[in-house]
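Here is a short tour of a protein model. Keep the structure open beside the text as you read.

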Amino acid sequence: MDAKSRPTLGMLQLQNTPIRLPGAISNPATYDFPVRYLPVPGAWTKNVVGTDPGVVTAYIEAARQLEREGVAAISTNCGFTARFQKDVAAAVKIPVALSSLSLVPFMARIIPPGKKLAIVTYDAKQLVELHFNGAGWSMKDTPAVIAGIEGSESWTEMAKPDPKFNVGMLERDVLAATRKLLAANPDVAAIVLECSAFPIVANFVRKEVGLPTVDFSTLQRFLMASVTARAGVSLAAAE
Amino acid sequence: MAARTPGPLAILRLQHKPVPMKGSIADPASFAYDVRYLAVPGAWTENVTGGDRAVLAAYVESARRMVAEGCRAVTTTCGFTSLFQAEVSAAVPAPVAMSSLSLLPLLERLIPPGGRIAIVTFDASRLTEAHCQGAGWSLTTSKVAIAGIEGSESWQEMFKPEPGFTRDMLARDVMTALDGLRAHHADIRAVLLECAFFPIVADDVRARTGLPVVDFLTVGDLLMASTDGTSADAKVAAE
């Protein structure tokens, strides 16, 4: 199919230099659909992570701009934007999925009853019910446990305007947080990776931990699959 | 070939003769990964959509067998088996999604708040709150409108041991049901296709409505994405 005629994902980005390592959602080669990127004015890791409401208007305006430019769906490159989900979804006519946290209800359903979900995030100290509610669920009725990479070298880098890190560093930091969480919660049956940088290491986590694991790219592939003729996109790995 | 976690998707199917049309769940070419089919003893359209719980044990046993033989996730060819979601999921160490109805909580998050999801099903008179709860949500809290193809020519064919519907017949019957819903509800913002035959016409529904559409293939893809790598890994490995 002609790439120009294929539905395009609109991705609202932080002002921080995007991570474009292989497998990164900000690397166009990761996807078999076209992506249009738009940095959101005033959006940085430091103020989007957490609960500062100030930047929501900029996300709404940027989503409207991408819709006018013809994208088929809207997402972001920061899972903490889950708290803007309802506002952005209300502002455009195309489907919107801002955070992989929205995969939690589905993942909670496909594991055995009584088992838990693990959420591995950029910063567990700043991820709260506000984000979960935005993503469509509540900690009150979903059995999830959370760990973050806060304090790690990757975490420090990602807060910088121009993050400098490598796959090995991120693998180490994400696996350390995951292993610690699983050791404390042996009844975890699946993992949701919140941070948009984590798809880079998702396969590593799957292989090391052996549990079903979804990430930001899973969400974005699902989103695009919903608006794309089957000949054009698959959720599954491209051959 | 891509290096990938070994193990196909297990598709627990009804006893009816499969209909391997283009885009069908019964056609292995509909998937980007390996699939294995197993006809569940005693499972027919009539009793499974009728809520017969006697067939639950056969679904549990079939799932166990397929996972024991190396399948890495489990789904079915009848969305009404969401009644058995908890029991089958509890029985195997692999993710299980019996029904595309499990996608509802995720899909409803992508659309504008207040928007409605149209569910087109094999038989709306047979689809109950218990099926929705099995899939992880409730008619009391989710804003949906449901229509089935009951009474149609395709519906009649699907009860037969060798269903003889055509693609055009199915497209007509599904569109008739969906058009009826859209005539009554101006706030429909997405479509969920319950029946495992409906992926055959999912692209028609997308083209006709311009709405996001998810179906039984989407749920299989999402299951497998959780257990498999991303496209990035697959592409690298394939080179």
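This is a predicted model. Chain A averages a pLDDT of 93, and 95% of its residues score at least 70.

**Two sheets in chain A**

Start with the sheet of three strands. It is open, its order is β2-β1-β3, and the pairing is parallel. At its edges stand β2 (35-39) and β3 (73-76) of chain A. Each has a single partner strand, so one side of each lacks a neighbour in the sheet. On average, neighbouring strands of this sheet are turned by 25° against each other, direction ignored.

Now look inside this sheet. Strand β1 (residues 9-13) of chain A is joined to β3(A) by four bridges, and the two run parallel. Within β3(A), A:Ile74 stands opposite A:Gly10.

The other sheet has four strands. Its order is β5-β4-β6-β7 in chain A; this sheet is open too, with parallel pairing. Here the edges are β5 (144-148) and β7 of chain A. Each of these edge strands has one side without a neighbour in the sheet, because each has a single partner strand. Five bridges link β4 (residues 116-121) of chain A to β5(A), and these strands run parallel. A:Leu117 has A:Ala144 in β5(A) as its bridge partner.

**Helices that pack**

How do we describe two packed helices? We give the angle between their axes and the distance between the axes. Two pairs are listed here.

| Helix pair | Angle | Axis distance |
|---|---|---|
| α7 (residues 167-184) of chain A and α8(A) | about 45° | 10 Å |
| α9 (residues 216-227) of chain A and α9 (residues 216-227) of chain B | about 165° | 11 Å |

Take the pair within chain A. With that angle, α7(A) and α8(A) are therefore oblique to each other. Their crossing is right-handed. From α7(A) come A:Val167, A:Leu170, A:Glu171, A:Val174, A:Leu175, A:Thr178 and A:Leu182. They meet A:Ile200, A:Val201, A:Phe204, A:Val205, A:Glu208 and A:Val209 in α8(A). By class, this contact of α7(A) with α8(A) has 10 nonpolar, one polar and two charged residues.

**Where the chains meet**

Which helix of chain A gives the most to the side that touches chain B? First, the totals: 46 residues of chain A are in contact with 47 residues of chain B. On chain A, α3 (85-91), α4 (104-109), α8 (199-209), β7 (213-214) and α9 each supply at least two residues of that side. The answer is α9(A), which gives the most, with eight residues. By class, the side of chain A that touches chain B has 29 nonpolar, 11 polar and six charged residues.

Helix α9(A) also meets its own chain. It lies across β1 and β3 of chain A, at about 175° to β3(A).

Helix α9(A) passes α9(B) in a right-handed crossing. On one side of the contact are A:Thr218, A:Arg221, A:Phe222 and A:Ala225. On the other are B:Thr218, B:Asp221, B:Leu222, B:Ala225 and B:Ser226. By class, this contact of α9(A) with α9(B) has four nonpolar, three polar and two charged residues.

Technical notes:
Residues are numbered from 1 along each chain as its sequence is written. Chains are lettered from A and ligands numbered from 1 in the order in which they are written. This is a predicted model: local features need pLDDT of at least 70, side-chain atom pairs count only at pLDDT 80 or more; totals for chains, interfaces and linings use all residues. Axes are lines fitted to C-alpha atoms, for helices over the stretch in contact, and angles run from 0 to 180 degrees between N-to-C directions. A crossing is left-handed if the near helix is turned anticlockwise from the far one by less than a right angle, and right-handed if clockwise. Two residues are in contact if their C-beta atoms, placed from the backbone, lie within 7 Å. Ala, Val, Leu, Ile, Met, Phe, Trp, Tyr, Cys and Pro count as nonpolar, Asp, Glu, Lys and Arg as charged, and the others, Gly among them, as polar. Two strands pair if DSSP finds at least two bridges between them. Angles under 35 degrees count as roughly parallel, over 145 as roughly antiparallel, 65 to 115 as roughly perpendicular and the rest as oblique. pLDDT is the predictor's confidence in each residue, from 0 to 100.
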